Amino acid sequence: MAVKRVAVIGAGISGLVSTKTCLEEGIEPVCFEQTEQIGGIWVTSDRRVPGTETRGAIYDCLITNSSKEMMCFSDYPFDPSVPPFIKGNQVLSYYQGYAKQFDLEPRIRFNTRVIRVEPTKDFDMTGRWHVKSQGPCGEVDEEVFDAVMVCSGLHNKSYIPSFPGMDDFKGDIVHSCDFRNGEKYAGKTIVVVGGAHSAGDVAVDTSMHAKMTYLSMKSGTTVLPRAGPGGVPIDAYINRRVRGLVPLALWKMWLQSFISYRLNMESLGLKSERPLFSSTSIMVNDLIGVRIWCGALQAKPNIARLTESDVIFVDGTVVENVDVVIFATGYEFKFPFIDRSILQESYKDLELYWHIFPPRLSRQTLAMVGATNSAGARGPIYELQARLAARVFKGLVELPCQERMLEDVARRKNIFKKLFDNHKIRFAPIPYCDMLAAKVGCLPRFIDLLKSDPILAFKFIFGPNYPPFYRLVGPHAWPGARHAIMKAEYNTVNPTRTRIVKNPGTDQSSLFFMFLLVVFPLCIFMMIFVMVIGT
Ligand code: FAD
């Protein structure tokens, strides 16, 4: 049956891009958003949505951990004057601009929460869904949709682990979703718990004001700077197709030495107990080392127990008279509106083919957009997920049989379990994005690029994987894509070039960067070429 109307649940990043994608595919989207505005976690509203735990997860000091040219949508670049790493309110403005540009707001029903999604009785024939929603005045509405895109996010409920003695503790226990800035903690003794981005930000910010801040981590972390070699943003440095041509062992060695060159994580007490690519916690942070060096912040192991006033760690050390314990320990995701046989509420159980489609449904008319936790920027990944989902709904892309989908789900789960010893969905973005793009039909062929536009072909292999690469060809290609790719590097560095340096010279690390990502793979190419000619 032809899919004409789609229910999109949520108007965060994944909901916005799903709504826009439906429109460009000629499908009518109805986007339900339980709050009064778009943006999801990027809205710093302190108002709890009645009956839910959802609220903004962003604090005042937050600066994106991905650079703007890598986190934009493929056909909507950031304003060139915006610096490479931006604050939460600028991120929100970008998404508001996106909604305006593609006229998405009229498609969104604000203050309307989806309370139930169920297959219709004739689902096996039609693939349709009953969607029950509750409007601003409590009125309940029920409609039938041809398909559903679940975009309700992964940050639905704050997660706080439990420790012995927590109930006896007389100080405050808060979650990072309630943290706005460190000023409130002036003169206090703070223990921050967690090893990822938010934990680092909260610990650094409180350490500027508190009497003393301690950062407690279960198994340490891996700290990445925002700037990579030669001042290239680290995500733009890492996410290049050419990386696949560098032997993994060499690449690991190089990244490890780059990280250690910037920060001796062992001597700062931060170092992860797991190997670099299997580290369960990663933190993009440029200040944590200095805060530890100046004695305002100290790393600690996991908490063993709490007493009325103290925190006791597993190594037996004690911090006395703790005023506040801030848990930056992440979130749980919840799908209260749908049956657990379709969407499960833990990474361990969640079954999604290509991290999008519940494989046990008899008809593929439901997609989860935004379920991945991949390294790097999320927006461009969600965009490809939405583009693929819309094409599956339209019958333009066919999914394999249930057995093959379940096999693939199990295979992916095993990979994550082996690598991280947990079920978090974390992977390098390019292979996944290229796979989705190939299915959508928007992955450029290197050989075609080489023939028609060698400079672009060079950038495709050696340059950062800027999202507009997925708008050069295929459905809904964007005429501005080539220009956006060509300008991206300039738009990254130019906003901060506010004083002209007459003799800039060459940065040593840039030379190494050139060697690893350009010269080395070229040499390998040439060696293979010579060998092939010789035989
Ligand atoms: P959300 O933003 O959670 O949006 C979900 C929306 O669905 C919300 O508006 C919610 O109200 C609505 N909703 C939920 N349930 C219902 C319902 N039943 N009915 C109607 N509406 C509903 N990513 C990056 O790429 N770069 C970064 O630098 C970065 N920094 C981050 C920093 C922090 C502190 C956090 C927490 C995350 C960060 N992320 C970053 C990841 C970020 O989560 C994603 O980029 C993205 O914002 C998730 O968008 P989403 O739309 O999937 O989910």
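A polar side-chain atom of Glu33 sits 2.7 Å from an oxygen atom of the ligand. I call that a polar contact: a pair of N or O atoms within 3.5 Å; within protein, one must be able to donate a hydrogen and the other to accept it, and residues adjacent in sequence count only if both atoms are side-chain atoms.

A caution before going on: this is a predicted model, where local features need pLDDT of at least 70, side-chain atom pairs count only at pLDDT 80 or more, and totals for chains, interfaces and linings use all residues. Residues are numbered from 1 along each chain as its sequence is written, and side-chain values use heavy atoms, with hydrogens and water left out.

Which backbone atoms does it meet? A polar backbone atom of Val114 is 3.0 Å from a ligand nitrogen. A polar backbone atom of Phe32 is 3.5 Å from a nitrogen atom of the ligand. How much of the ligand does the protein cover? On its own, the ligand has 990 Å² of accessible area, and the protein covers 94% of that. Those areas come from the Shrake-Rupley method with a 1.4 Å probe; for residues, only the protein chains shown count as cover.

Now the shell. Two elements give two or more residues to it: α1 (13–24) and β4 (113–119). Helices (H or I, at least four residues) and strands (E, at least two) are DSSP runs, numbered from the N terminus. In total, 31 residues surround the ligand, and the closest are Ser14, Glu33, Asn65, Ser66 and Arg378. By class, the shell has 14 nonpolar, 14 polar and three charged residues. For the classes, Ala, Val, Leu, Ile, Met, Phe, Trp, Tyr, Cys and Pro count as nonpolar, Asp, Glu, Lys and Arg as charged, and the others, Gly among them, as polar.

Now a lysine. Is Lys413 buried or exposed? Lys413 counts as buried because its relative accessible area is 18%. The cut-offs are under 20% for buried, over 50% for exposed, and partly exposed in between (1.4 Å probe, protein chains only). Lys413 lies in helix α10 (residues 402–420). Where does its side chain go? It reaches the backbone oxygen of Tyr347 at 3.0 Å. A polar atom of that Lys413 side chain also lies 2.8 Å from the backbone oxygen of Lys348. Lys413 and Lys348 are 65 residues apart in sequence, yet 7.9 Å apart in space, C-alpha to C-alpha.

Leu268 is buried, at 7% relative accessibility. Glu273 is exposed, at 67% relative accessible area.

Another loop residue is Pro444, between α11 and α12 (446–452). Pro444 counts as buried, at 4% relative accessibility.

Last, backbone angles. Most residues other than glycine have a negative phi. Asp103 has a positive phi, near 50°. Asp103 lies in the loop between α3 (88–101) and β3 (108–109). Asn321 also has a positive phi, near 50°. Asn321 is in the loop between β17 (318–319) and β18 (324–327). Asn321 counts as exposed, at 52% relative accessibility.

Definitions and conventions
Near = heavy atom within 4 Å.
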